[in-house]
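I opened the model today to look up a few points of its fold. The entries below are in the order I checked them.

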Amino acid sequence: RAMTKLLFVVLMLTVGCASQPARIELTPSGKPEVVISTSDRSAVKQQIIARNVAANWTLEQEGDSTLVFRRPFDDTTLILGSALIGNRAMRVGMQIRYTIVQIQGSTKVFVNPFNDLDVLEFNRLQMQLLTLKREIEQQ
């Protein structure tokens, strides 16, 4: 009975992973990234901070060219994740690291995930960066 349940879970994960959409955009680094037409790196950092704090992320670390945010898992993710990988790993929550560098009058922002990104998560982060780019360039 337990083996049947485990086989069902493995089958569902395999089918789900096999049917993912393509990445919305290929990037030079293979990570979500954008180049924003502004040399004001500080304004870009402040916009990233504001957007993430508004989305319930906590700024954990701020360096010259790095921002690290953390958000605890919601109850559903915590319960499912604890069952699959154990409580200790789940207490950490989600983390995301942004690197912001100035390149010849522009600012490049890319996400350094702490975990491997599936295609859906890559696309979500890339769309967020593209929205950030559009907002800053329209100011």
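Entry 1. I started with glutamine 104, in the loop between S4 and S5. The model is predicted, and I kept that in mind throughout. Phi of glutamine 104 is near 45 degrees, a positive value in a residue other than glycine.

**Entry 2. Strand S5 and its partners.** I followed S5 (106-113) next. How many bridges join S4 to S5? I found eight, and the two strands run antiparallel. One pair I noted is arginine 97 with asparagine 112, its bridge partner in S5. S1 is also joined to S5, by four bridges, and this pair is antiparallel too. There I found valine 35 opposite lysine 108 of S5. I then checked cover: seven of the eight residues of S5 are buried, so I noted the strand as mostly covered.

**Entry 3. Helix H2.** I checked the length of H2 (residues 41-54) against its residue count. At 1.5 Å a residue, its 14 residues should span 20 Å, and the end C-alpha atoms are 20 Å apart, which agrees. Which residues of H2 are buried? I listed Val44, Lys45, Ile48, Ile49 and Asn52. Seen down the axis of H2, these fall within an arc of 135 degrees, so they line one face of the helix. I then looked at what the buried residues of H2 pack against, and found strands S1, S2, S3, S4 and S5 together with helix H5 (119-137).

Entry 4. Asparagine 56 sits in the loop between H2 and S2. Its phi is near 70 degrees, positive although the residue is not glycine. At 59% relative accessibility, I counted asparagine 56 as exposed, the cut-off being over 50%.

**Entry 5. The nonpolar core.** I looked up the largest nonpolar core and found 17 residues in it. Those with the most contacts inside this core are Ile48, Phe69, Tyr98 and Val109. S1, H2, S3, S4, S5 and H5 each supply at least two residues of the core. Which element gives the most? I found that H5 does, with four residues. I then listed what tyrosine 98 touches, leaving out residues up to four places away in sequence. Among them are Ile48, Phe69 and Val109, and also Asn52, Gln128 and Leu129.

**Entry 6. Threonine 27.** My last stop was threonine 27, in the loop between helix H1 (2-18) and S1. A polar atom of its side chain lies 2.6 Å from the backbone oxygen of lysine 31. Leaving aside neighbours within four places in sequence, I found threonine 27 in contact with Glu33, Phe122 and Gln126.

Definitions and conventions:
Residues are numbered from 1 along each chain as its sequence is written. This is a predicted model: local features need pLDDT of at least 70, side-chain atom pairs count only at pLDDT 80 or more; totals for chains, interfaces and linings use all residues. Side-chain values use heavy atoms; hydrogens and water are left out. The expected span of a helix is 1.5 Å times one less than its number of residues. Buried means under 20% relative accessible area, exposed over 50%, partly exposed in between (1.4 Å probe, protein chains only). The arc is that of the directions from the helix axis to the C-beta atoms. Contact means heavy atoms within 4.5 Å. A polar contact is a pair of N or O atoms within 3.5 Å; within protein, one must be able to donate a hydrogen and the other to accept it, and residues adjacent in sequence count only if both atoms are side-chain atoms. Two strands pair if DSSP finds at least two bridges between them. A nonpolar core is a set of buried Ala, Val, Leu, Ile, Met, Phe, Trp, Tyr and Cys residues joined through side-chain atoms within 4.5 Å.
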